[in-house]
Each structure stands twice: as structure tokens, then as C-alpha cells.
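Here is a short briefing to read alongside the model. Take a moment with the sequence and the fold, and then follow the points below.

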Amino acid sequence: MTYKTVKYEVNGHIAKITINRPEALNALNSEVLDELNTLLDEVRANKDLRVAILTGEGRSFVAGADIKEMSTLTPVEAKEFGYKGLHVFRKLESLPIPVIAAINGFALGGGCEIAMSCDFRIASDKALFGQPEVGLGITPGFAGTQRLQRLVGPGYAKYLIYTAKNIKADKAYEIGLVQEVVEADKLDETVQKLAEKIANNAPVAVRASKEAINVGGQVDIDSAIKVEENLFALTFSTEDQKSGMQAFINKGQAEFKNK
Ligand code: CAA
């Protein structure tokens, strides 16, 4: 499948998705969202993949949903557009493999929201974060009101959403919105190394950990620890568990086969 507004590369066990609309600072219009929707099915279907990276082409990560497209929407059309983004971001968040957001520049509105749908975020020191929607007369529409408060707590979520203030990468790090900030020219290398580290671990165990965190995070603690209990037990049916533990005991190197 070829795409116009997204680039898709696979290198070994690592997929790289690049939002590719630099002339609009990678703003998310319907076309980008539709292509991402299809692309995510392709990622999900590739059983060799162990981790994915999401980034933006040029000087921006994603500067939000496309304001020009949104400016003339009726409420019914806005609901459709909102649904499209919400659905694609949920699909991204629910991929069985981890996704790292490599935030190379603006992560505003829908850009901050898509970054929050990834498993964790590594930012360039040039990155800028914010939810500017109320300044445009709208609310966040791709789950910013929900994922932001879950990541940084309701205080900072309200502070950012009500003021529409943009924050730099160091502040985003301080409030827990991003996990690491690196010099702009070190971003690719840093994210690649993290992706390789994930890809070198037991794939079933990584996927099960993601499932435990994502599913468990949405239910009461008793149900959540049951999820972990069952997934933990399931990993003992894998060859990778045998190989991983034998390697430790024999002071060798495990060879994980995703089995
Ligand atoms: N939608 C559509 N086009 C956008 C865009 C967006 N979100 N962000 C940038 N662009 C376009 C600009 O219109 C401009 O296009 P033209 O050359 O055709 O005029 C081009 O990208 C370059 O942008 P600027 O000239 O503005 O670049 P800059 O460096 O001066 O400013 C910026 C960069 C601060 C990011 C500024 O572009 C900006 O404020 N963008 C909008 C950010 C924003 O408000 N995002 C939230 C959108 S609402 C949303 O996302 C709702 C939701 O939750 C679903």
C-alpha cells in the first residue's frame, strides 16, 4: 500500500510512521486520518513488528487538527471529524506493540493528543506542547480532555487547556508529559536505541505488559491485578520465558523468538 500523507518504513522489527504534510506543519486533515487508519491495520497485521516509532516530517511533529478543514464544519460534520480522530488514536493506542512518539517540533492540539495516544514520548529540546483549542472557540476534540488528565493529573490538564498556553519540552518533562528530552540532533538516535532495546526483549512479554497496563488502567484494582495475574501466567507458556530464564541461570544471552 502506498500513502500520500504518511510515510511508512519497516527496518527489521521496527516500524517508523512519519506524518508527512510538512507544508501544513503536519496538521491532521481527513486524508491524513484516513491514511493513518489504513496504515495502522497494516502495522497490526505484521507479526514481525515489535515496536513502532511515530514522528513528523520537517520542523513540526503535528501542529494539530487541520483548522482550515474544521473552519466550515457543521456540528454533524464536526462529530464525524471528531469520531474519525478519536477512532484512529484509539487504534494507535491499542496496537499490540508499543509505539514511541519522537516529538521533533510542534505538538499542539491534535498533535499533543496523538502523542498522548502513544506508549511514551521522547521530545527534542525544540518541541512545543499545548492544547490551544479554547483560543479557537472549541474544546480539544481528539481526547485531549481525557488523556491529558490521565497523564499529568487534572490540575495541569486544566491549567493547559483553559489557558491554551504552550509549554516547552523541559516543562513537559517536569509535569510528566514526556519521558525524556534530548538535543534535537540526538532525537532519532535516542528513539532508535530505545526501540532496539524494546525489540530485543521478549515480544510476547512486551505485548502482555502493554495489555496489562492499558486494560488494567481502566478497571478497578481487583480486576486490574487479575489481568496481570493471568498475563503473567500466560508468559510461562512461551519458549521465550524458558530461554530468558535459562540464559540468566547459565549467564548467557537469551534469544527471543516471539514464541
Ligand atoms: N491547521 C491547518 N494548517 C496549519 C495548522 C493547523 N493546525 N498549523 C499550521 N498550519 C499551516 C499554516 O496555515 C501555514 O500554512 P500557509 O503557509 O498556507 O499559510 C503553514 O502551516 C505554516 O504555518 P505558520 O506559517 O503559521 O508557521 P509558524 O512557524 O509561523 O507558526 C505554529 C507555527 C505556531 C504551529 C502555528 O502554525 C499555529 O499556531 N498553528 C496552529 C496550532 C493549533 O492551534 N493547533 C490546534 C488545532 S485545533 C485541534 O487540534 C482540535 C482537536 O483537538 C481535534
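This is a predicted model: local features need pLDDT of at least 70, side-chain atom pairs count only at pLDDT 80 or more; totals for chains, interfaces and linings use all residues.

- Strand 6 (residues 106-108) and strand 8 (residues 128-130) run parallel and are joined by three bridges.
- To find this pairing on screen, look for Phe106, which stands opposite Leu128 in strand 8.
- As background, strands of a sheet pair through backbone hydrogen bonds, in either a parallel or an antiparallel manner.

- The protein is divided into domain 1, covering 6-199, and domain 2, covering 202-250.
- To the contact, domain 1 brings 12 residues and domain 2 brings six residues.
- Between the C-alpha centres of domain 1 and domain 2 there are 27 Å.
- About 690 Å² is buried between domain 1 and domain 2, and carbon and sulfur atoms give 46% of that area.

**Polar and charged links across the interface**

- Six residue pairs are in polar contact across the interface of domain 1 and domain 2, counting pairs with both residues at pLDDT 80 or more.
- On the side of domain 1 that touches domain 2, helix 3 (residues 75-93) gives the most, with three residues.
- By class, that side of domain 1 has seven nonpolar and five charged residues, with no polar ones.
- One salt bridge is found across the interface of domain 1 and domain 2.
- Lys210 forms a salt bridge with Asp119, and their closest N and O atoms are 2.9 Å apart.

**Salt bridges in the whole model**

- How many salt bridges does the count come to? The count comes to 11.
- Glu57 lies in the loop between strand 3 (51-56) and strand 4, while Lys7 lies in strand 1 (residues 6-11), so the pair ties together parts that are 50 residues apart in sequence.
- In general, side chains of opposite charge can pair when their charged atoms come close.

Key: Residues are numbered from 1 along each chain as its sequence is written. Side-chain values use heavy atoms; hydrogens and water are left out. Domain bounds come from an automatic or database domain assignment. Contact means heavy atoms within 4.5 Å. Buried area is the accessible area (1.4 Å probe) that two parts lose on being put together, summed over both. A salt bridge is a side-chain nitrogen of Lys or Arg within 4 Å of a carboxyl oxygen of Asp or Glu. A polar contact is a pair of N or O atoms within 3.5 Å; within protein, one must be able to donate a hydrogen and the other to accept it, and residues adjacent in sequence count only if both atoms are side-chain atoms. Helices (H or I, at least four residues) and strands (E, at least two) are DSSP runs, numbered from the N terminus. Ala, Val, Leu, Ile, Met, Phe, Trp, Tyr, Cys and Pro count as nonpolar, Asp, Glu, Lys and Arg as charged, and the others, Gly among them, as polar. Two strands pair if DSSP finds at least two bridges between them.
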